[in-house]
Amino acid sequence: MRFPSRRPVSRRTAITGLAGLGAVAAAPAVLVSCSGESPLSLPAPIVSEVVRRQVRRMADATREDYLQDGDLHVLLAGTGSPEPGSTRAGACVAVLVAGRTFVFDSGPGSPARMLAAGVPLTSVSDVFLTHYHSDHLNGLPELSVQRWVTGRATSPLVVHGPIGSRHAVGEVVAGFNQSMLADREMRTANQPDRLADPEAGLLRARPFGVQGPDAVRVYEGDGVIVDAFLVDHGPVRPAVGYRLSYAGRSVVVSGDTAKSANLARHSRKADLLVHEAMDKQSVRDGVAALRDLGVHERADQFESTLEYHSSFADATEVAAEADVAELVYTHIIPDPPNMVARNLFLQRSRGIFDGDRSIAEDGDWWHLTPQA
Ligand SMILES: [Zn+2]
Ligand SMILES: [Zn+2]
């Protein structure tokens, strides 16, 4: 299906496809079995019809076509925040275009969401980290292994990230590579023919510097351009947003940020702005409730987050200022538990922005056709 209108389509279809398997009991085996054997090789009597159907459904859902059809496909693979108890995967936006998949942040659980949505993991060539908070990068070891084992990648996964005053992507990547050393060695020993090159299961750091308001180009190839620019995540420096451009279309990922004029500047006329959002009234209510309970340390911690995240109104004003075509709120704090909460959050910024806007769910897709 092609939807030149830029409206979200196929929302949650890939994820709801897993619902029939309950807690997806077979998922670990389907993703990467510990033995390395395909779950399809199990004796037929052991494999229930439910699992058979599920595996077929996952195979049918593979979106190889999205890589080659000339369009730009955006998957929200993780829309969660660090909030405890959230059922959403950690922050992750995947863009399938020009034969590759570009991933913006790799939060915990997001690789499984990508797989469930049919993203061919071999196609994931580059990850772009917005900053070094755990909810944006703890999916990296899972992604590198899944890509190598199920996707049979033949080269390391490149991870781009900003150089900070104290931290950079190199130390993140080195730590994860070390933590997965035993896994790589065991898999190679178990399947020496199929997984002969453990190097392909590695992450490779590609740091970049960014200063001042101007963007830096961090990727260019096959018509795809990725630019990085500073945003304002309070004490977390640097924190960047990214703009991916291709064939007259563009998608902007805010990362975590308070209201940022620089983000508005670099989102100018984008087709889709994926912006974090916090319902600050709900957070203040939660802080007051914690203080009533005498849980002051947690209340202080929660309250401090107000300073370096965007309210729904902030995000909406940025979208209006940038004149983007569509805005989707993600990384929602607090996680809206139902339709009532989602509507309440949306109503608080009503009238600021004329374009389409919605609250993201894991598994949402957007499809953009090239502009002539
Ligand atoms: Zn975050
Ligand atoms: Zn953060």
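**Entry 1: terms**

I call a residue buried under 20% relative accessible area, exposed over 50%, and partly exposed in between. By that rule I put Arg-217 down as partly exposed, because its relative accessibility is 48%. The model I am reading is a predicted one.

**Entry 2: Arg-217 and its partner**

I looked up what Arg-217 pairs with, and found a salt bridge to Asp-227. The closest N and O atoms of this pair are 2.8 Å apart. I placed Arg-217 in strand E7 (residues 216-221) and Asp-227 in strand E8 (residues 224-230). The pair links distant parts of the chain, 10 residues apart. Asp-227 has a relative accessibility of 14%, so I noted this residue as buried.

**Entry 3: the other salt bridges**

I searched the whole structure for salt bridges and got 15. Side chains of opposite charge can pair when their charged atoms come close.

I then looked at Arg-100, which forms a salt bridge with Asp-126. Here the closest N and O atoms are 3.7 Å apart. Arg-100 lies in strand E3 (residues 100-104) and Asp-126 in strand E4 (residues 124-128), so the pair ties together parts that are 26 residues apart in sequence. I recorded Arg-100 as partly exposed, at 30% relative accessibility. Asp-126 is buried, with a relative accessible area of 3%.

Next I took Asp-271 and Arg-249, whose closest N and O atoms are 2.9 Å apart in a salt bridge. I found Asp-271 in the loop between helix H9 (261-266) and strand E11 (272-278).

I turned to empty space. Rolling a probe the size of a water molecule over the atoms shows where such space is left. The second largest pocket has a volume of about 360 Å³. I listed 18 lining residues for this pocket. Those nearest its centre are Pro-82, Gln-301, Thr-305, His-309 and Ile-333.

Which element gives the most to the lining? I found that H11 does, with four residues. Helix H11 (296-304) and strand E12 (326-333) each supply at least two residues of the lining. Sorting the lining by class, I wrote down five nonpolar, nine polar and four charged residues.

Key: Residues numbered from 1 in each chain as written. Chains lettered and ligands numbered in written order. Predicted model: local features only at pLDDT ≥ 70, side-chain atom pairs only at ≥ 80, totals over all residues. Heavy atoms only, no water. 1 Å grid on protein atoms, 1.4 Å probe; cavity = no way out; pocket = protein on both sides within 12 Å on 5 of 7 lines; lining within 4 Å. Points joined across faces, edges and corners; volume = space filled by probe spheres on them. Nonpolar A, V, L, I, M, F, W, Y, C, P; charged D, E, K, R; others polar. Salt bridge = Lys/Arg side-chain N within 4 Å of Asp/Glu carboxyl O. Buried < 20%, exposed > 50% of the residue type's maximum accessible area, 1.4 Å probe, protein only.
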